Amino acid sequence: MKKIAVMIMLMTSGVFASEMNEALMKHGKDIFQQTCIGCHGADGKGMEQGGFNVQPRNLSKTILSEEQIFHIAKKGAFYWGAVVTGMPAWEQVYDDASLRAVAHYIHHTFSKKSSDYAANFKYDSSSLSEKILKRGKKIYGRTCAYCHGKQGHGQGVATYNPEQSIFPYDLTKIILSEKQVFLFAKHGGEHWGSQSDDMPAWGVKYDDETLMGIAKYIETKLKVQR
Ligand code: HEC
Ligand code: HEC
């Protein structure tokens, strides 16, 4: 009896938990340094890659949660709506436990601040009026579709330029929640770690209600749930 009690005490004690966490961080750091550092840099801020159309994101500004980082590391960014394949899928190289470890390392070393801001942001679009929802759809068609396309597939007329120099995400495949879409659109791509300013900060032009209407339109009408 006594033995069991001591074991339970140990398991639930901070000492045990912090040792586990240390092991996880170390495992994650090893993988990051073996594999991710060449593109994302030792500080997570991104290393310029020659020949890349879209540069590696600055992970210290990401909107993503630890869980979402794991999913992007596993399947690659293309699976989640990127239109280029610069960020590979690592599921053939690492098992889930390893990729969870690297996500844990990234979250706690670089991205906690930006990701926690997004996670703690209070967002409620449940009582938007019909008028705002209609406006969301209209502004999407008028503004966002220019780059992201009418159906959201990332092939709006802006991408037809002869230099093929703009790479908007396929919004039907994104990992972001409605709240994150709102925040990403409000503050723009650079704010959240994109190395280009191609995705503007729409909070300058539209109020929060309008942006919520747009985010809800993307979430409910364009995004494929999976
Ligand atoms: C060959 C270069 C390269 C390597 C290696 C690489 N990445 Fe990336 N990563 C990218 C690029 C490029 C993007 C941006 C993709 C886009 O937006 O089209 C990216 C984006 C990401 C994102 C999305 C960030 C956001 O805010 O949306 C995560 C998460 C990420 N990488 C994690 C990792 C992890 C973890 C590893 C190592 C296991 C890794 N990357 C290795 C190039 C790379
Ligand atoms: C001028 C072109 C352009 C317009 C207009 C535009 N976007 Fe974007 N958007 C981009 C690009 C390019 C990206 C990819 C990130 C980057 O490179 O900065 C992006 C990324 C995004 C993402 C992030 C997807 C992800 O998973 O990381 C969201 C959400 C988004 N846009 C929403 C919107 C909304 C909502 C509007 C309209 C209010 C809009 N965009 C208008 C170019 C545009």
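Q: Is V93 buried, exposed or partly exposed?
A: A residue is called buried if 20 or more other C-beta atoms, placed from the backbone, lie within 10 Å of its own, exposed if 12 or fewer do, and partly exposed in between. Around V93 there are 13 other C-beta atoms within 10 Å, and therefore V93 is partly exposed. This is a predicted model, in which local features need pLDDT of at least 70, side-chain atom pairs count only at pLDDT 80 or more, and totals for chains, interfaces and linings use all residues. Residues are numbered from 1 along each chain as its sequence is written, while chains are lettered from A and ligands numbered from 1 in the order in which they are written. The class for V93 is partly exposed.

Q: What separation do the C-alpha atoms of V93 and K74 have?
A: V93 belongs to the loop between α3 and α4, where helices are DSSP runs of H or I with at least four residues, numbered from the N terminus. Along the chain V93 and K74 are 19 residues apart, and their C-alpha atoms are separated by 9.2 Å.

Q: Which element gives the most residues to the shell around ligand 1?
A: Ligand 1 is surrounded by 25 residues, the closest being C36, C39, A82, G86 and M87, where a residue counts if its C-beta atom, placed from the backbone, lies within 6 Å. Two or more residues come from each of α2 (14-40), α3 (66-75) and α4 (96-120). With six residues, the element that gives the most is α2.

Q: Which element gives the most residues to the shell around ligand 2?
A: Ligand 2 has 23 residues around it, with C144, C147, G189, S194 and M199 the closest. The elements giving two or more are α5 (130-148) and α6 (178-187). The most, five residues, come from α5.
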